[in-house]
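Q: Could you walk me through the charged pairs in this one? I'm new to it, so please start with the terms.

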Amino acid sequence: MQARKSLMNFFEEMIKSRRSSNECHEDFLQSMLDRDPLDDERLDDAEIMDNMLTLIIAGQTTTAAAMMWSVKFLDENKEAQNMLRVSTNTQLIIKINILHPKMITKQ
């Protein structure tokens with residue numbers, strides 16, 4: 001319950017800050033602040049905070065499930081695993097060479 005209370009307090013501060021600012025963000029919170037339900041009433045802060053909490057909880061579960069299935073798929077498909085490894089290593093080498101041009105990595 002303390003974690004939920006801390007999150008809700010954090011959300012409340014974020015909402016207050018956004019409502020008092022003229023800045024426009026392209027994120028979930030902004031979409032909730034701008035949203036008008038069918039009867040043209042704005043969502044109140046409690047509804048927005050509940051939606052944000054749901055997103056965090058659902059996001060944690062779906063991310064964990066996606067990671068689990070990815071690991072299972074890669075374990076069962078060595079060819080895909082090797083392709084991913086080569087692609088990841090190639091991207092890493094490219095980034096290292098961009099960040100540190102004098103460190104040319106040879107393979």
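A: Buried means under 20% relative accessible area, exposed means over 50%, and partly exposed lies in between, with a 1.4 Å probe and protein chains only. This is a predicted model, where local features need pLDDT of at least 70, side-chain atom pairs count only at pLDDT 80 or more, and totals for chains, interfaces and linings use all residues. Residues are numbered from 1 along each chain as its sequence is written, and side-chain values use heavy atoms, leaving out hydrogens and water.

Q: How many salt bridges are there?
A: There are five salt bridges, each being a side-chain nitrogen of Lys or Arg within 4 Å of a carboxyl oxygen of Asp or Glu.

Q: What does R4 pair with?
A: R4 forms a salt bridge with D50, at 3.7 Å from N to O. Because R4 lies in helix α1 (residues 2-20) and D50 in helix α3 (residues 45-76), the pair ties together parts 46 residues apart in sequence; helices here are DSSP runs (H or I, at least four residues), numbered from the N terminus.

Q: And which residue does R19 meet?
A: R19 meets D45 in a salt bridge, with the closest N and O atoms 2.9 Å apart. R19 lies in helix α1 and D45 in helix α3, so this pair ties together parts that are 26 residues apart in sequence.

Q: Switching to E76 and K72, where do they lie?
A: Both lie in helix α3, four residues apart, which is about one turn of the helix, and their side chains form a salt bridge at 2.4 Å, N to O.

Q: Is K72 buried or partly exposed?
A: K72 counts as partly exposed, at 37% relative accessibility, while E76 is exposed, with a relative accessible area of 51%.

Terms used
Helix = DSSP H or I, 4+ residues; strand = E, 2+ residues; numbered from the N terminus.
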